[in-house]
Amino acid sequence: MDVDQNVRDVLDFGASAWLLNAGGIVSHYPSKLDHQHPSPWLKDRPSGDLIGDAVEAAHKAGLRFMARTDFSKLHRDQFERHPDWFYISPSGQRQIYNGLYSTCPSGPYYQEKSFETFGEILDRYPVDALFINWFLHPLRDYSGTRYGPCQCVFCRRRFAEFSGGMTLPTAENFANPAYPVWRRFA
Ligand SMILES: [Zn+2]
């Protein structure tokens, strides 16, 4: 990515801020966190750091820089190390799309590890804003296939606490009194 060309394009468009992916599914900086996945193409930049280059170019041109993150999916290596971080359907299926595994917002990746990523980005770069993409329970994949509410151990525990002891619904069905409660939980 030519950061100076991107800055010119953002300015030509009449915008005052540039949103660029920083971390989550793929890190565009050399993250030291073991749950992050730095882009293999970072090594093709002299600096080895797209976010460092982009923030500097944006600020030089008077643009605000927004660091985008997305904690909704991870690669297979993380799934194998931390299966409890991931969505599991009522029939016990994982949600895998184009090789990426959907995580669960109730689990430790969203609830704890995302803050480590924000901390690392904020320690390294003078970004003007953080943007969190998705941040939803993954009820469907990008093809529109619906999987139902997650049944992971963290959803079970948190939903029971939230609802005063209800069992997680297994379908998006308002006939089940637990479902509208789950929608508020989710
Ligand atoms: Zn869950």
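This is a predicted model: local features need pLDDT of at least 70, side-chain atom pairs count only at pLDDT 80 or more; totals for chains, interfaces and linings use all residues.

Visitor: Where is Asn 98 placed?
Guide: Asn 98 sits in the loop between strand 4 and strand 5.

Visitor: And what is the phi of Asn 98 near?
Guide: Phi of Asn 98 is near 50 degrees. That is a positive value, and the residue is not glycine. Most residues other than glycine have a negative phi.

Visitor: Which other residue has a positive phi without being glycine?
Guide: Phe 135 has one, with phi near 55 degrees. The place of Phe 135 is the loop between strand 6 (129-133) and helix 5 (153-163). Phe 135 counts as exposed, because 12 other C-beta atoms lie within 10 Å.

Visitor: Back to strands 4 and 5. How many bridges join them?
Guide: 2 bridges join strand 4 to strand 5 (residues 100-102), and the two run antiparallel. Tyr 97 has Leu 100 in strand 5 as its bridge partner.

Visitor: What order do the strands take in that sheet?
Guide: The order is 3-5-4, in an open sheet of 3 strands with antiparallel pairing. Strand 3 (73-74) and strand 4 (96-97) are at the edges. Each has a single partner strand, so one side of each lacks a neighbour in the sheet.

Visitor: Zoom out. How many helices and strands are in the chain?
Guide: The protein chain has 6 helices and 6 strands. From the N terminus on, the elements run α-β-α-β-β-α-β-β-α-β-α-α. The C-alpha atoms fill a box of roughly 55 × 35 × 30 Å along the principal axes.

Visitor: What share of the residues is buried?
Guide: Buried residues make up 31% of the 186 residues. As for contacts with a separation of 6 or more, 59% of them are between residues 24 or more positions apart.

Visitor: How many bridges hold strand 2 to strand 1?
Guide: 7 bridges join strand 1 to strand 2. Leu 19 has Met 66 in strand 2 as its bridge partner. Another 5 bridges join strand 2 to strand 6, where Ile 132 stands opposite Thr 69.

Visitor: Which residues of strand 2 are on the covered face?
Guide: Phe 65, Ala 67 and Thr 69 are. Arg 64, Met 66, Arg 68 and Asp 70 form the uncovered face.

Visitor: Core next. Which members of the largest nonpolar core touch the most others?
Guide: Val 7, Trp 18, Ile 51, Ala 54, Ala 58 and Phe 65 do, in a core of 18 residues. Helix 1 (3-12), strand 1 (17-24), helix 2 (50-60) and strand 2 (64-70) each supply at least two residues. Helix 2 gives the largest share, 6 residues.

Visitor: What other core is there?
Guide: A separate one of 14 residues, including Phe 71, Tyr 87, Cys 150 and Cys 152.

Visitor: What does Trp 18 touch?
Guide: Leaving out residues up to four places away in sequence, Trp 18 touches Asn 6, Val 7, Val 10, Ala 58, Leu 63, Phe 65 and Met 66.

Visitor: Last topic. At what angle do helix 5 and helix 6 cross?
Guide: Roughly 105 degrees, with the axes of helix 5 and helix 6 (residues 178-185) coming within 10 Å. That makes the two helices roughly perpendicular.

Visitor: Which residues make the contact?
Guide: Helix 5 uses Phe 159, Phe 162 and Ser 163. Helix 6 uses Ala 178, Val 181, Trp 182 and Phe 185. The contact residues divide into 6 nonpolar, 1 polar and no charged.

How values were computed. Residues are numbered from 1 along each chain as its sequence is written. Two strands pair if DSSP finds at least two bridges between them. Helices (H or I, at least four residues) and strands (E, at least two) are DSSP runs, numbered from the N terminus. A residue is buried if 20 or more other C-beta atoms lie within 10 Å of its own, exposed if 12 or fewer, and partly exposed in between; C-beta atoms are placed from the backbone. A nonpolar core is a set of buried Ala, Val, Leu, Ile, Met, Phe, Trp, Tyr and Cys residues joined through C-beta atoms within 7 Å. Two residues are in contact if their C-beta atoms, placed from the backbone, lie within 7 Å. Axes are lines fitted to C-alpha atoms, for helices over the stretch in contact, and angles run from 0 to 180 degrees between N-to-C directions. Angles under 35 degrees count as roughly parallel, over 145 as roughly antiparallel, 65 to 115 as roughly perpendicular and the rest as oblique. Ala, Val, Leu, Ile, Met, Phe, Trp, Tyr, Cys and Pro count as nonpolar, Asp, Glu, Lys and Arg as charged, and the others, Gly among them, as polar.
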